[in-house]
Each structure stands twice: as C-alpha cells, then as structure tokens.
Amino acid sequence: MTLDEILTHLETTDYATFQRDALQEAVERQQEITPALLAIIERVANDPLWLEENPDYMGFTYALYLLAQFREIRAYPLIVKYFSQLGTELESLDATGDLVTEDLGSILASVCGNDLSLIKQLIENPAINEYVRSAALRSLMVLYKHDLLTRAELITYFKFLLESKLDKQEQFMRANLTCCCLDIHPDELYEELTDCFNQGYIDLDIVDKGSLIQYNEKDKEQVIAALKTNKYIQLIENVIEEMEWWACFQPKPAPTRSTPLPAPSPRPDYHKPTNYHATETKVGRNDPCPCGSGKKYKKCCLH
C-alpha cells in the first residue's frame, strides 16, 4: 500500500471491518506515517465536536493506538487536550465509545515519556470528566507495573491526593483512587483510606470498607505479583492484538441446521393493537448494548 492508501483505510467510517492490513503496514512504516497520525489527533483535539458529529470515523481511534504503540511523546499533549475538553456528563464519552474506560490509561502511560505533569493535571482538575480523570489515575498504575514509577513516588502522590488535592465531596474519584490502592496493597495508606470511609468521602457503590480490610490482610507480595501479571494494566504493545478482539469486528456466524431454533413466541392477541415493529427498534452504535453488558453497542453485540 502507498501511504495515502494506508491512511484511507485507517480513516474509514466502516467501524465493522477491522483494518488489519493497513495497521500492519502502518506499524512497518512508523516513521513515515507518524506525522499524518499526529495530524489526525491534532485535528480532533482542536475541534472535539467534529468527532461527535462524525461518530463512525475510526481514524482517531486507530491513530491513538498506533501512536501509543510507537511511544510517540508528541501525541501526549494532543491527547490530553482532547480529553480535557469533554463535558462532565457520561454522554460526553459517546464519541470514543469504551475507549476512556478501557484503554485511555494505557494510552496515556504509553505516550507520556515518563512526564507525569499532564497526567496529574487531568487527575487533579475537577472540571474534567471524572472517567477521564480515573483513566489518568490508572495510567500511573501502568507505569508502576512496568517499573517506570517507583512505589515511593506512587504512594506519595496518592497520599497527596487523599489529604490535600481531592475535594472531600469527590466520592467517585476517591473511590477509584481507593481501588488503585487496593491493587498495589493499601498498607501505607490504610489509615488515610479508613478515615475517608469513616467520613463518608468514598462512593460505596464502587468500593466498600470491607474490601479495604480484606486487601490489607492479604500478603503484600502476592497482591503486587497479581498486579504485575494483570493483562488489563499494561502499556500498548501491539495495536492489532489490542483491537482485533473487539466485538464490533467479530461477525456472528450464519445459523446452521444444528443451531437450535428459538422458542415460539406466544400467540398474539389479535383483539389488541400491536405497536411493536422490528424496524422501529434501532440501537445506535454508541448506545448501551441491549444485552445488558454495560458496553457500547459497537464493541459488544453490533453484529
């Protein structure tokens, strides 16, 4: 493929076809394609509404993962700029689907070049979407896992957040910070976290005090070892492996004779009007999946 052909495939609006060949070509031609990928991120960062108006555009997503694999530090401020501008409501994340809650932490860790300043800006700014801030928190866990951030540095920063930086009413952020502390073993921060629970500063729908006690009683080395092997807390190493499994790229096989037939529907009551028509029920690709998984439709049961 030529460079233009690669970019044409990557900037597709066909969100159901995984552009494997184009991604492989892009990886092999990293130096040539990086400026174009940065231009994609910059364009969206400068006009976030454009992505909302073009929800099927895949170029931004592919560019994010590629630049993360490339460890491209020039992407770092552009990515932070885009995600800093999203609204605080949950719907603000629709343009990027599950990316924020799934992989933004790994992407930030991969492009930051060990410069934590912009990540900390995301974490500490209450005007930024709380899911983006939580993803920034997870990026620190990724760096710690890969020995790019020492435990002392991580504990010191977490303590700073608990005692000074996070508002006492930021229950969601404090809960996510607590989860991070559990994943690394809460020993050094146990008293601070206990006080937060006692004062009602933590969202109990996310984590409760019992979990804190349970994790604190676990063997510290075993907890840390579990973190080190956690495949969901990692740098972006291979864009194809990271994305190829997404449900939107996995068409369901056509039914065969061996496929059990669905149970017959109850006989309709013809004395009552029927308002349901199959064609009237449409699920948007960024809507919650009707299967109840909690994921966006495009990354779950789209096919």
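Predicted model: local features only at pLDDT ≥ 70, side-chain atom pairs only at ≥ 80, totals over all residues.
Arg151, Asp187, Glu188 and Lys220 are linked in a network of salt bridges. In the background is a simple idea: side chains of opposite charge can pair when their charged atoms come close.

**Salt bridges across the chain**

- Glutamate 11 and arginine 43 meet through their side chains in a salt bridge, at 3.2 Å from N to O. This pair links distant parts of the chain, 32 residues apart: glutamate 11 sits in the loop between helix H1 (3-10) and helix H2 (20-28), and arginine 43 belongs to helix H3 (residues 30-46).
- Glutamate 11 is partly exposed, with a relative accessible area of 29%, and arginine 43 is partly exposed as well, at 39%.
- Another salt bridge joins the side chains of arginine 71 and glutamate 237 (3.2 Å, N to O). Here 166 residues separate the partners, with arginine 71 in the loop between helix H5 (59-69) and H6, and glutamate 237 in the loop between helix H15 (220-228) and helix H16 (239-243).
- Arginine 71 has a relative accessible area of 30% and is partly exposed; glutamate 237, at 48%, also counts as partly exposed.
- Aspartate 147 and lysine 228 form a salt bridge through their side chains, at 3.0 Å from N to O. Aspartate 147 lies in the loop between H10 and helix H11 (151-165) and lysine 228 in helix H15, so the pair ties together parts that are 81 residues apart in sequence.
- Aspartate 147 is exposed, with a relative accessible area of 63%, whereas lysine 228 is partly exposed at 30%.

**A charged patch on the surface**

- Asp47, Glu52, Glu53, Glu89 and Glu91 gather on the surface as a patch of negative charge.
- One of these residues, glutamate 91, is placed in the loop between helix H6 (75-84) and helix H7 (99-102). Glutamate 91 counts as exposed because its relative accessibility is 54%, and the cut-off for exposed is over 50%.

**A buried valine and its neighbours**

- Valine 132 belongs to helix H10 (residues 130-145) and is buried, with a relative accessible area of 0%.
- Leaving aside residues up to four places away in sequence, valine 132 touches Phe83, Leu86, Leu93, Val100, Leu104 and Leu122.
- Leucine 104 is 28 residues from valine 132 in sequence, and their C-alpha atoms are 7.7 Å apart in space.

**Two residues with positive phi**

- As a rule, most residues other than glycine have a negative phi.
- Asparagine 114 is not a glycine, yet has a positive phi of about 65°. Asparagine 114 is found in the loop between helix H8 (104-111) and helix H9 (117-124), and is partly exposed with a relative accessible area of 43%.
- Histidine 185 also has a positive phi, about 80°, although it is not a glycine. The loop between helix H12 (171-184) and helix H13 (190-199) holds histidine 185, which is buried with a relative accessible area of 4%.

**The chain as a whole**

- The secondary structure of the protein chain comes to 16 helices and zero strands.
- Of the 303 residues in the protein chain, 45% are buried.
- Among contacts between residues at least 6 apart in sequence, 71% join residues at least 24 apart.
- The protein chain exposes about 16200 Å², and carbon and sulfur atoms supply 50% of that area.

How values were computed. Residues numbered from 1 in each chain as written. Heavy atoms only, no water. Patch = residues over 30% accessible without salt bridge, like charges linked within 9 Å, V, L, I, M, F, W, Y side chains within 5 Å. Areas by Shrake-Rupley, 256 points an atom, 1.4 Å probe, with all protein chains shown as cover. Salt bridge = Lys/Arg side-chain N within 4 Å of Asp/Glu carboxyl O. Lys, Arg positive; Asp, Glu negative; His and termini not counted. Charge placed at Lys NZ, Arg CZ, Asp CG, Glu CD. Helix = DSSP H or I, 4+ residues; strand = E, 2+ residues; numbered from the N terminus. Buried < 20%, exposed > 50% of the residue type's maximum accessible area, 1.4 Å probe, protein only. Contact = heavy atoms within 4.5 Å.
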